[in-house]
Amino acid sequence: MTRTAPDSPPHFITTQNWSIENLTTLIDRARALRQNPVQHLLKNKTIALVFFNPSLRTRASFEIGAFQLGAHAVVLEPGKGAWEMAFGDGEVMDGAAEEHVREAARVLSEYCDLIAVRRFPMFEDWSLDRRDHVIRAFAAHATVPVINMETITHPCQELSHAMALGDRLGELRGKKYVLTWTYHPKPLNTAVANSAVMIATKLGMDVTLLCPDERFALDERYMNAATKNAELSGGSFGMSHDIESAYDGAHAVYAKSWGSLAFYGDWEREKPVRDANKHFIVDEAKMARTSDAVFSHCLPARRNVKATDAVFDSPRSMVIEEAANRLHVQKALMTTLLGVAGEIR
Ligand code: CP
């Protein structure tokens, strides 16, 4: 297989280097697979699912999706049933890791047709975490396509979110989209927030990143990507700290919590800042300001912390649809990466 950059197709590391046309085609194929879910398009193929972090949706949907396509998925959890792994070039491996990604990625490539990786940041030093070095190392050393199951972005979630938005709202261009930060007792990954602003701007939506103050801005890489996407798509992108105006007239509200990059690794200092903003919870009063907006969250979500029961249980909530779509979009993705997508019935 010809190699380009380690985050470029044939891998699926980020949507940013996939065109909107190719992403739209993936979602169309996911809709076809939703209609006709069991098609053995990947008969006798194998996929390695490498989880460095826990999961409910991602693991279940990839395993079940592989089964429905006639493939077999093997789940590996380094440090818990599989060897701990090292990633550094030239690293002296005298710590806990028994295995280097250079061998692991190549060995898995001998067994498998695809490798999917979940590896969250370490939450100590953003200048290191932002390199996304684990999945990039897999992509650099594997000889089969590599799929991001969430690192510092969550591109599979983007696809399922975009599919749900399209199902609910139809034409997305020009619709007002709010990504709202919400409180959570622990600092969380920025991955879904990074992904949300990238995909919503790519879809031509008018996107507002609502957060308590500029210390909750996303990494400039994703702020810049969203700005560039909006320029290309005819949408818009901006940050606001004003709850009322952000919600006014919105067509979609996406909730997510994340830790402040301004305090990254210094979470004791960040905690009082986060604690002071519990009022960012998505509730009925805020949703009443919208244009009958749909609500979503990537899940898992803490009820009555991120959003109220009434919002989660509202007919405008699409959290279950979005989660369900993970199955369909990942099947579309696996078949596309393995070159059989044109055969979907
Ligand atoms: N949204 C999502 O990725 O869910 P899991 O963490 O349960 O996989």
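This is a predicted model: local features need pLDDT of at least 70, side-chain atom pairs count only at pLDDT 80 or more; totals for chains, interfaces and linings use all residues.

Colleague: Which side chains have a polar atom 2.9 Å from the ligand?

Modeller: In Arg57, a side-chain N or O atom lies 2.9 Å from an oxygen atom of the ligand. In Gln157, a polar side-chain atom is 2.9 Å from a ligand nitrogen.

Colleague: How much of the ligand does the protein bury?

Modeller: The ligand taken alone exposes 250 Å², and 94% of that is buried by the protein.

Colleague: Which residues are counted as being around the ligand?

Modeller: They are Ser55, Leu56, Arg57, Thr58, Arg118, His154, Gln157, Cys298, Leu299 and Arg326. Each is listed because one of its heavy atoms lies within 4 Å of the ligand. By class, this shell has three nonpolar, four polar and three charged residues.

Colleague: Why is the ligand said to lie between two domains?

Modeller: Domain 1 (15–153 + 326–337) and domain 2 (155–323) both contribute residues to the shell around the ligand, so the ligand lies between them.

Colleague: What is the space taken by the ligand?

Modeller: That space is the largest pocket, with a volume of about 570 Å³. It has 25 lining residues, and those closest to its centre are Phe120, Glu150, Leu188, Lys256 and Pro300. The lining comprises 11 nonpolar, six polar and eight charged residues. Domain 1 (15–153 + 326–337) and domain 2 (155–323) each supply at least three residues to this lining.

Colleague: How many cavities of 30 Å³ or more does the structure hold?

Modeller: There are two cavities of 30 Å³ or more. The largest cavity has a volume of about 100 Å³, and its lining includes Arg119, Phe120, Pro121, Asp132 and His133.

Colleague: Why is that space called a cavity and not a pocket?

Modeller: It is called a cavity because a 1.4 Å probe fits there but cannot get out, whereas a pocket is open.

Notes
Residues are numbered from 1 along each chain as its sequence is written. Side-chain values use heavy atoms; hydrogens and water are left out. A polar contact is a pair of N or O atoms within 3.5 Å; within protein, one must be able to donate a hydrogen and the other to accept it, and residues adjacent in sequence count only if both atoms are side-chain atoms. Accessible areas come from the Shrake-Rupley method with a 1.4 Å probe; for residues, only the protein chains shown count as cover. On a 1 Å grid over the protein atoms alone, a cavity is a set of points where a 1.4 Å probe fits but cannot get out, and a pocket is an open set with protein on both sides within 12 Å along at least five of seven lines; lining residues have an atom within 4 Å of a point. A molecule sits in a cavity or pocket if more than half of its atoms lie within 2 Å of its grid points. Ala, Val, Leu, Ile, Met, Phe, Trp, Tyr, Cys and Pro count as nonpolar, Asp, Glu, Lys and Arg as charged, and the others, Gly among them, as polar. Domain bounds come from an automatic or database domain assignment. Grid points are joined across faces, edges and corners, and a volume is the space filled by probe spheres set on the points.
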